[in-house]
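Here is a short tour of a protein model, written for someone who likes to know the cut-offs behind each term. Please have the viewer open and follow along.

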Amino acid sequence: MLTETYFVSVAGSPLANDTATVKDAGIYERTLHPSHSTASVFKKSSAPLGCLAVSDTHVYAAQEEKSTVHVYSRAKGNQEALVTFPERIRSVALQDDVLFLGSQEGRLIIWEVCTGRQVTTPARHVQAVTCIATTPYHLITGSDDSNIHVWSIPRLLELDSTIEHEPQGTLSNHRAAITSLAVGQSVNPDTNICVSGSKDKSCIIWNYQLGIALRTLLFPTSPLCLSLDPCARAIYVSSDDGSLYAVDLFAEKALVGPQSTEESSTAIQVSSAFGAAPQEAGPASCMALNYDGTTLISGHPQGQILLWDLGSRADSTELANLNASVSNIVFVSPLSPSRSTRSIAVVKPFLGSRSYNFTSQLDADLAEDTKFSKMLRSNGLPNDMLEQAILAFQSPVEDTVRDEKLEKENEELWEVLKEQRALQKNTMERYLEVKYSKT
């Protein structure tokens with residue numbers, strides 16, 4: 001069975017004098033499957049909403065009302081570094097070995113954690129960058145100024161210092177502060193979407209690369225946080241009245257894609273909630289889906305972590321009470337993409353031009369696999385050998401008797417051809433003899 005783990009951060013002081021919780025605990029690593037438990041605890045951290053990012057080796061937590069980021073080593077279970085930036089950090093997101101930070105002044109700070117290279121963009125948002133979502137090629141930022149910017153990651157990481165860092169596009173349909181962003185990882189144009197939540201009581205589904213609003217969803221109260229299904233099939237939204245909504249994008253009446261019959265400008269009123277947070281817990285301030293989209297985990301201001309079974313849509317189950325406001329939940333995929341290298345040490349950022357060193361650990365053999373090594377590691381016969389054998393059995397059997405007959409006929413024809421050539425040669429010689437004898 002796969003082991004699913006997720007990280008939870010809390011912000012603020014403890015709500016009560018509870019001896020059951022770990023003192024000074026700020027970030028928890030918890031196991032969801034096969035059994036729910038706490039795997040490790042990282043202390044002395046207070047990360048507000050949107051300020052937690054997790055890699056295979058480290059945990060990054062921007063601190064509340066500060067310009068510092070705490071870096072924790074997952075292997076050692078302690079704080080490895082404290083990094084200070086020139087502005088207060090309001091949001092963070094990690095893509096591979098690059099940490100993106102949104103500042104209070106509307107800037108974007110890019111930190112390559114494996115080399116220490118730092119890039120800072122101009123203030124393209126007029127207010128704080130409150131949420132960030134990433135794909136391998138694009139970065140999407142939301143702000144209190146109600147705008148959403150779409151950035152090209154390769155352009156942000158360009159080594160040429162003379163290039164101006166400008167957004168690739170701007171999505172500006174919202175009329176109030178952006179509260180949450182979620183983006184799909186698909187390359188299919190129908191599901192390669194971004195969803196934004198705003199205090200204007202709406203969520204908008206975007207084709208963020210084209211800058212087109214595909215559908216607007218209206219809610220009774222303002223969305224606080226949202227999560228997108230791993231296959232971009234549904235959106236889960238928590239609102240400030242404690243309700244939780246599930247919006248199916250490809251139901252019988254599809255909202256997006258070629259099966260949608262309504263105009264994209266048609267707004268959809270969402271009023272039916274599939275669940276509600278307990279009154280003593282408060283509305284969910286953060287949420288996250290597991291890797292297959294069957295379980296939703298929500299964090300609440302009164303410290304509760306609730307589990308929602310999306311298959312049965314039954315009432316929530318309380319997993320834990322952390323005795324502090326839960327601010328972030330981040331799942332770690334049990335099916336991590338294979339990488340040939342892994343950066344072990346974090347290099348503190350350096351603003352300026354210099355040479356950078358990249359030190360990493362090799363997690364795989366860089367040489368290509370030989371046919372023998374593949375056969376050695378496989379259980380039984382390799383798949384490619386079996387496919388070749390099946391194709392050989394399916395190919396028509398050669399008729400050897402017929403081939404021998406054809407070869408014999410070819411030989412006889414060649415003999416006839418040789419005789420004709422010899423006769424032609426003799427006839428020509430006799431003709432020439434008669435002709436020259438008369439002259």
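Let us begin with E65 and R88, which form a salt bridge whose closest N and O atoms are 3.1 Å apart. This pair links distant parts of the chain: E65 sits in the loop between β5 (58–62) and β6 (68–73), R88 sits in the loop between β7 (78–84) and β8 (89–95), and 23 residues separate them. A salt bridge here is a side-chain nitrogen of Lys or Arg within 4 Å of a carboxyl oxygen of Asp or Glu. Helices (H or I, at least four residues) and strands (E, at least two) are DSSP runs, numbered from the N terminus.

The model is a predicted one, in which local features need pLDDT of at least 70 and side-chain atom pairs count only at pLDDT 80 or more, while totals for chains, interfaces and linings use all residues. Residues are numbered from 1 along each chain as its sequence is written, and side-chain values use heavy atoms, with hydrogens and water left out.

How exposed are the two partners? E65 is exposed, at a relative accessible area of 56%, whereas R88 is partly exposed at 27%. On this scale buried means under 20% relative accessible area, exposed means over 50%, and partly exposed lies in between (1.4 Å probe, protein chains only).

How many salt bridges does the rule give? The count comes to 9. Side chains of opposite charge can pair when their charged atoms come close.

One of them joins R107 and E87, at 2.6 Å from N to O. Here too distant parts of the chain are linked, since R107 belongs to the loop between β9 (98–103) and β10 (108–112) and E87 to the loop between β7 and β8, 20 residues apart. R107 is partly exposed, with 29% relative accessible area, but E87 counts as buried at 15%.

R124 and E166 meet in another salt bridge, with an N to O distance of 2.4 Å. R124 is in the loop between β11 (118–120) and β12, E166 is in the loop between α1 (153–156) and β15 (169–171), and the two are 42 residues apart. Both ends are partly exposed: R124 has a relative accessible area of 29% and E166 has 35%. There is also a network of salt bridges, which links R215, K253 and E262.

## Strands and their partners

Is strand β12 buried or exposed? In β12 (residues 129–134), 6 of the 6 residues are buried, so the strand is largely enclosed by the rest of the structure. Its partner is strand β13 (residues 138–143), paired in the antiparallel sense over 5 bridges; two strands pair if DSSP finds at least two bridges between them. β12 and β13 form a hairpin with 3 residues between them, and V129 stands opposite S143 in β13.

Elsewhere, 5 strands make an open sheet of mixed pairing, in the order β16-β17-β18-β19-β23. The edges are β16 (178–183) and β23 (268–269); each has a single partner strand, so one side of each is left without a neighbour in the sheet. Within the sheet, β17 (residues 194–198) and β18 (residues 202–207) pair in the antiparallel sense over 5 bridges, with S198 opposite S202 in β18.

Helix α4 (residues 400–438) holds E404, which counts as exposed at 56% relative accessibility. E404 is one of the residues of a negative surface patch, along with D403, E407, E409, E411, E412, E415 and E419. Patches are made of residues with over 30% relative accessible area and no salt bridge; like charges are joined within 9 Å, and nonpolar side chains (Val, Leu, Ile, Met, Phe, Trp, Tyr) within 5 Å. Lys and Arg count as positive and Asp and Glu as negative, with His and the chain ends not counted, and the place of a charge is NZ of Lys, CZ of Arg, CG of Asp or CD of Glu.

Y436 is also found in helix α4, and it is exposed at 59%. Together with M428, Y431 and L432, Y436 makes a nonpolar surface patch of about 460 Å², the area coming from the Shrake-Rupley method with a 1.4 Å probe; for residues, only the protein chains shown count as cover.
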